[in-house]
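Take a first walk through this structure. Keep the 3D view open as you read, and find each part as it comes up.

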Amino acid sequence: MENGGSRQVAMAELREVQITEEKPLLPGQTPEVAKTHSVETPYGSVSFTVYGTPKPKRPAILTYHDVGLNYKSCFQPLFQFADMQEIIQNFVRVHVDAPGMEEGAPVFPLGYQYPSLDQLADMIPCILQYLNFSTIIGIGVGAGAYVLSRYALTHPDTVEGLVLINIDPNAKGWMDWAAHKLTGLTSSISEMILGHLFSQEELSGNSELIQKYRNIIAHAPNLDNIELYWNSYNNRRDLNFVRGGDTTLKCPVMLVVGDQAPHEDAVVECNSKLDPTQTSFLKMADSGGQPQLTQPGKLTEAFKYFLQGMGYMASSCMTRLSRSRTASLTSAASIDGNRSRSRTLSQSSESGTLSSGPPGHTMEVSC
């Protein structure tokens, strides 16, 4: 009995596994070592993977993925992008997998009560306490963007900035519910999630990317777990953002959406409710529903300017694309380190120039 009890205690403790990331290396680059941890929270266990070592006086970059994905399938193309290496070498990063979404996760037993998105947000303090990290810059996509926003509302002092891709801060209305139920009668869970992740144009085109992710989701061994996360997302509460009110994000925010994304209207509405002096809106051309997958270069550059605006990246750390641009980009990007700024970035494939304008006005960004 004593051995059995000791084994149970050991299983309940934090687990740490060291892995080496499989990815092509840049010249002179060594394999990046990642450590995967699992920590118990009031709402169950949560796994997360840490890359790099903490840097003095710098926040950690913490990511949270969307429904149907895990941290690798959601963020790997972005963080493996060559120009992103200039950023990640200066920050430790923490990739959170929603419960049951990590690779090799067992299927939850029948009747398991999956955490709500609010409860997923309440797991994050347990992660930061375990790692002894005091502040983060969050990057979230879809459901993950909601989770990080909810966390930032309840723990504003620990969030220095947020990059929110495809965020929908609104609870589903009854018409949305009716459409969701009707779609559920004719579509599989995997097809419904694909419709959440990608635009109809992308799905109709059935590109190699779409085929890849359709296969990932449809044949996921933890599809039952994915459905639970999906249900939690569809039962989310309204974040109740109010411009000028108490319920708002108090840190610098960059909102990102593709020009053909399913959530474009929701992100535009979210932008209208946040503090314009703290919020940047990046509408990306030709990026579809998942800009971090299809346009990692553009998103990397925008993220770099976001960090520069927070005072964390030297203006000399520019991407190759940036160096070839006109000087007007400098003023548009607010690289003077001022954390209070107001701008909207609208990436247009038709625009051949980049100009800056007064706060609150749209600026065209060439790509």
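The axes used here are lines fitted to C-alpha atoms, for helices over the stretch in contact, and the angles run from 0 to 180 degrees between N-to-C directions. Two packed helices are described by the angle between their axes and by the distance between those axes. The model itself is predicted.

Begin with the overall picture. The protein has 15 helices and 11 strands. It has 367 residues, and 51% of them count as buried. Look too at how the chain meets itself. Among contacts with a separation of 6 or more, 71% are between residues 24 or more positions apart.

Now turn to a pair of helices. Helix α4 covers residues 117–131, and helix α5 covers residues 143–154. They pack at an angle of about 65°, and their axes are 8 Å apart. Angles of 65 to 115 degrees count as roughly perpendicular, so α4 is roughly perpendicular to α5. Their crossing is right-handed.

Which residues of α4 and α5 meet? From α4 come L117, D118, L120, A121, I124, P125 and L128. From α5 come A143, Y146, V147, L148, R150 and Y151. By class, this contact of α4 with α5 has 11 nonpolar residues, 2 charged residues and no polar ones.

Stay with D118 and R150. Side chains of opposite charge can pair when their charged atoms come close. D118 and R150 form a salt bridge, with their closest N and O atoms 3.1 Å apart. D118 belongs to α4 and R150 to α5, so the pair ties together parts that are 32 residues apart in sequence. Are D118 and R150 buried or exposed? Both are buried.

The whole structure holds 8 salt bridges. Another one joins D168 and R236, whose closest N and O atoms are 3.0 Å apart. This pair links distant parts of the chain, 68 residues apart. D168 sits in the loop between β7 (159–165) and α6 (174–186). R236 sits in the loop between α10 (223–234) and β8 (253–258). Why do D168 and R236 count as buried? The cut-off is a relative accessible area under 20%. D168 is buried because its relative accessible area is 15%. R236 is buried because its value is 8%.

A further salt bridge has another setting. K273 and E269 meet through their side chains, 3.1 Å from N to O. Both lie in helix α11, which covers residues 264–273. They are 4 residues apart, about one turn of the helix. K273 has 22% relative accessibility, so it counts as partly exposed. E269 is partly exposed as well, with a relative accessible area of 34%. Salt bridges can also share partners: D118, R150 and R237 are joined into one network in this way.

Helix α7 (residues 189–197) packs with helix α9 (residues 208–218). The angle is about 135°, and the axes are 9 Å apart. That makes α7 oblique to α9. α7 passes α9 in a right-handed crossing. S190, E191, I193, L194 and L197 of α7 make the contact with Y213, R214, I217 and A218 of α9. By class, the contact of α7 with α9 has 6 nonpolar, 1 polar and 2 charged residues.

N132 has a positive phi of about 60°, although it is not a glycine. N132 is in the loop between α4 and β6 (136–141). N166 also has a positive phi of about 60° without being a glycine. N166 is in the loop between β7 and α6. Is each of them buried or exposed? N132 is exposed, with a relative accessible area of 68%. N166 is buried, at 0% relative accessibility.

End at E201. E201 lies in helix α8, residues 200–205. E201 is exposed, with a relative accessible area of 52%. Now find G288, which is 87 residues away from E201 along the chain. The C-alpha atoms of E201 and G288 are separated by 8.3 Å.

Terms used. Residues are numbered from 1 along each chain as its sequence is written. This is a predicted model: local features need pLDDT of at least 70, side-chain atom pairs count only at pLDDT 80 or more; totals for chains, interfaces and linings use all residues. Side-chain values use heavy atoms; hydrogens and water are left out. Helices (H or I, at least four residues) and strands (E, at least two) are DSSP runs, numbered from the N terminus. Angles under 35 degrees count as roughly parallel, over 145 as roughly antiparallel, 65 to 115 as roughly perpendicular and the rest as oblique. A crossing is left-handed if the near helix is turned anticlockwise from the far one by less than a right angle, and right-handed if clockwise. Contact means heavy atoms within 4.5 Å. Ala, Val, Leu, Ile, Met, Phe, Trp, Tyr, Cys and Pro count as nonpolar, Asp, Glu, Lys and Arg as charged, and the others, Gly among them, as polar. A salt bridge is a side-chain nitrogen of Lys or Arg within 4 Å of a carboxyl oxygen of Asp or Glu. Buried means under 20% relative accessible area, exposed over 50%, partly exposed in between (1.4 Å probe, protein chains only).
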